[in-house]
Amino acid sequence: MDLSQGEFKLLLVEENGHIQQRMEEILGGSYGLCFASNGAQFWAVLEEELPDLILLSISLPDCSGFDLLKQLKSKEETKELPVIILIEREEQEAAERGFLLGAVDYIRKPIQDEVILLKARVRTQIRILEQVKKIERLGLVDTATGVSNRHFFDNQLGYEWSRAVREQQPISLLLIDVAYANSPSRENRKDRAEQLRFWAQSLGTCVTRKVDIFCRFEKERFAALLPGTGEEGAQVVAQRLKNRVKEIEQSQLGNEHHVGIVSVGWASAQPKQGDAHSQLLRRTEHALQKAKEALA
């Protein structure tokens, strides 16, 4: 079940070692490939990581590929995974049955007779996935700044709050306000947009863990959500943000176009069952207001 390199991950479920090798030769250069030889291995692979596309033989030693397909489509976490079934040339009704169970396409064996068709049909499904991911990305990214948007933040705050309750872990939130020292006129929208993007990208580098979330909260306010982080960790990130502002002020970037007054407020919580994440948000907004008053 070794995984080769590639942006998109394909899972081939096939007991024939020769077919596995041939698939590696045909597709391995373009996609990440992992293999399962039977139903038990198939579920084991899915436990580790969900692939982007499954190539599923309907003939397996311990079960029917059709049964696997039916189970796959019945599970909430796997029902959207696209599946191309691999069928024998003489199995005339297998393709139709596969479509009825939720397969997106099929390839007939022997594979060596279907190389061009195999590449084309896999590529078609990958292009569909690329478009879906692009749409999802656009829906969760603030186009003006290039960082995550408020919709993504709201979803993740609810999820991470519930996880913190379940795992009895702390969670912290920072709100960052940017006020421009030399704000351009409202008519100069290009300059305002450039300033906003500059500060989003500059401050976003201070939120370094993969599990952390940095987003545009509203207008010229940003938020950093820190799962599994208590007050001490939140203070570290807050200081990192303040240091970054000083670096900008002292560097060549700190010209009149980029100089800003940055206020940071933060709060931490150890939520329990029944607590609402709105409490954390209100406390963080209060801390931000105090920070702004201190700079006034």
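Lys219 is exposed, with a relative accessible area of 70%; exposed means over 50% relative accessible area, buried under 20%, and partly exposed in between, with a 1.4 Å probe and protein chains only. Lys219 sits in the loop between strand E7 (213-218) and strand E8 (221-227). Helices (H or I, at least four residues) and strands (E, at least two) are DSSP runs, numbered from the N terminus. Although Lys219 is not a glycine, its phi is positive, about 45°.

The model is predicted: local features need pLDDT of at least 70, side-chain atom pairs count only at pLDDT 80 or more, and totals for chains, interfaces and linings use all residues. Residues are numbered from 1 along each chain as its sequence is written, and side-chain values use heavy atoms, with hydrogens and water left out.

Another positive phi belongs to Gln168, near 55°, again in a residue other than glycine. Gln168 lies in the loop between helix H6 (150-167) and strand E6 (171-180). With a relative accessibility of 63%, Gln168 counts as exposed.

The next topic is the sheet. Strands of a sheet pair through backbone hydrogen bonds, either parallel or antiparallel. Here five strands form an open sheet in the order E2-E1-E3-E4-E5, and the pairing is parallel; two strands pair if DSSP finds at least two bridges between them. Strand E2 (32-36) and E5 stand at the edges with a single partner strand each, so one side of each has no neighbour in the sheet. From one strand to the next the twist averages 20°. Angles run from 0 to 180 degrees between N-to-C directions, and axes are lines fitted to C-alpha atoms, for helices over the stretch in contact.

Two of the pairings can be followed through E4. E3 and E4 pair in the parallel sense over four bridges, and Ser57 has Leu86 as its bridge partner in E4. E4 is also joined to E5 by five bridges, and these two strands run parallel. Glu88 has its bridge partner in E5, namely Lys109. Five of the six residues of E4 are buried, so E4 is largely enclosed by the rest of the structure.

Lys109 also takes part in a cis peptide bond, which joins it to Pro110 with omega about 0°. Pro110 is found in the loop between E5 and H5.

H1 lies across E1, E2, E3, E4 and E5, and runs at about 170° to E2. Helix H2 (residues 39-48) packs on the sheet as well, touching E1, E2 and E3, and its direction makes about 140° with that of E2. Contact means heavy atoms within 4.5 Å.

Helix H5 (residues 115-140) has 26 residues and reaches 37 Å from its first C-alpha to its last, close to the 38 Å expected at 1.5 Å a residue. The expected span of a helix is 1.5 Å times one less than its number of residues. Which residues of H5 are buried? They are Val115, Leu118, Arg121, Val122, Gln125, Ile126 and Leu129. What covers these buried residues includes strand E1 (9-13), helix H1 (17-27), strand E3 (53-57), strand E4 (83-88) and strand E5 (105-109).

Aromatic rings come next. Rings of Phe, Tyr and Trp (its six-membered ring) pair if their centres lie within 6.5 Å; planes under 30 degrees apart count as stacked, over 60 as edge-to-face and the rest as tilted. By this rule the count comes to five aromatic pairs. In one of them, the rings of Phe99 and Tyr106 have centres 6.0 Å apart and planes at 75°, so the pair is edge-to-face. Phe99 is partly exposed, at 40% relative accessibility. The rings of Phe214 and Phe222 have centres 5.6 Å apart and planes at 15°, so that pair is stacked. Phe214 is buried, with a relative accessible area of 9%, and Phe222 is buried at 0% relative accessibility.

The last topic is the cysteines. A disulfide is a pair of cysteine sulfur atoms within 2.5 Å, and by this rule the count comes to zero disulfides. Cys34 is buried, with a relative accessible area of 8%, whereas Cys63 is partly exposed, with a relative accessible area of 23%.
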